[in-house]
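Me: Please take a close look at one part of this model, the nonpolar core and its aromatic rings. I would like the geometry and the cut-offs spelled out.

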Amino acid sequence: KGSTTGGSINVLGEGTSATTNLQQGLCKAWCQFNGNDSSVSFADSFNMSGITDNGTGDFTVSFANDMANATYANSVECTFFSHVYDSANTATGSVRFATTDASGNKSNRTITSYLNAGDLA
C-alpha cells in the first residue's frame, strides 16, 4: 500500500505503520568496469556519462544527471579493497576513488563496481 504526491511515492513498511519514501531508497547511479583495460570503459552503467583513468587504481566517474549535493552515499566494490579518497573528491557531478591490492597499494582491479544513493539535482 502506498501514496503518491508531487513526484514522491511513500510505501508502507513490512508489517508496520512506518512508511519509506521510494525515491530516497533508489540507487541513483551505478557502473561496472574492468580497471585493467588499456582504455577503461563501462561494461554496464546507469546515470553515468564517463570514466577517467587517473593512473593505476585511480578513477573518476561522472554522472549524466548531477546529484543535488556532494554528501551522497558512495560504495565501491572490487577484489580486495577500494575507497573514496575524501569528501574533497566527491562532487555533485563526479566522484574520484581508488582501488587497491591486499597490501593497500593502488592497483587496477579486473571487476570494479561503483554505486551511489542520494538526491538527484
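Reply: What follows describes the core, then its ring pairs, then a surface patch.

This is a predicted model, in which local features need pLDDT of at least 70 and side-chain atom pairs count only at pLDDT 80 or more, while totals for chains, interfaces and linings use all residues. Residues are numbered from 1 along each chain as its sequence is written, and side-chain values use heavy atoms, with hydrogens and water left out.

A nonpolar core here is a set of buried Ala, Val, Leu, Ile, Met, Phe, Trp, Tyr and Cys residues joined through side-chain atoms within 4.5 Å. Buried means under 20% relative accessible area, exposed over 50%, and partly exposed in between, with a 1.4 Å probe and protein chains only. The largest such core has 15 residues, and those with the most contacts inside it are Phe33, Met48, Val61, Phe63, Val95, Phe97 and Tyr114. At least two of its residues come from each of β4 (29-33), β6 (48-55), β7 (58-63) and β10 (94-100); strands are DSSP runs of E, at least two residues long, numbered from the N terminus.

Rings of Phe, Tyr and Trp (its six-membered ring) pair if their centres lie within 6.5 Å; planes under 30 degrees apart count as stacked, over 60 as edge-to-face and the rest as tilted. By this rule there are six aromatic pairs. One of them joins Phe33 and Phe97, whose centres are 6.4 Å apart with planes at 40°, so the pair is tilted. Phe33 belongs to strand β4 and Phe97 to strand β10, so this pair ties together parts 64 residues apart in sequence. Phe33 is buried at 0% relative accessible area, and Phe97 is buried at 0% as well.

Phe97 also forms a tilted pair with Phe59, at 6.2 Å centre to centre and 40° between the planes. That pair links strand β7, which holds Phe59, to strand β10, which holds Phe97, across 38 residues. Phe59 is buried, at 0% relative accessibility. Ring pairs link Phe33, Phe59, Phe63, Tyr72, Phe97 and Tyr114 into a cluster.

Val95 lies in strand β10 and is buried at 0% relative accessibility. Its C-alpha atom is separated by 8.3 Å from that of Phe59, 36 residues away along the chain.

At 39% relative accessibility, Leu22 counts as partly exposed.

Terms used:
Helices (H or I, at least four residues) and strands (E, at least two) are DSSP runs, numbered from the N terminus.
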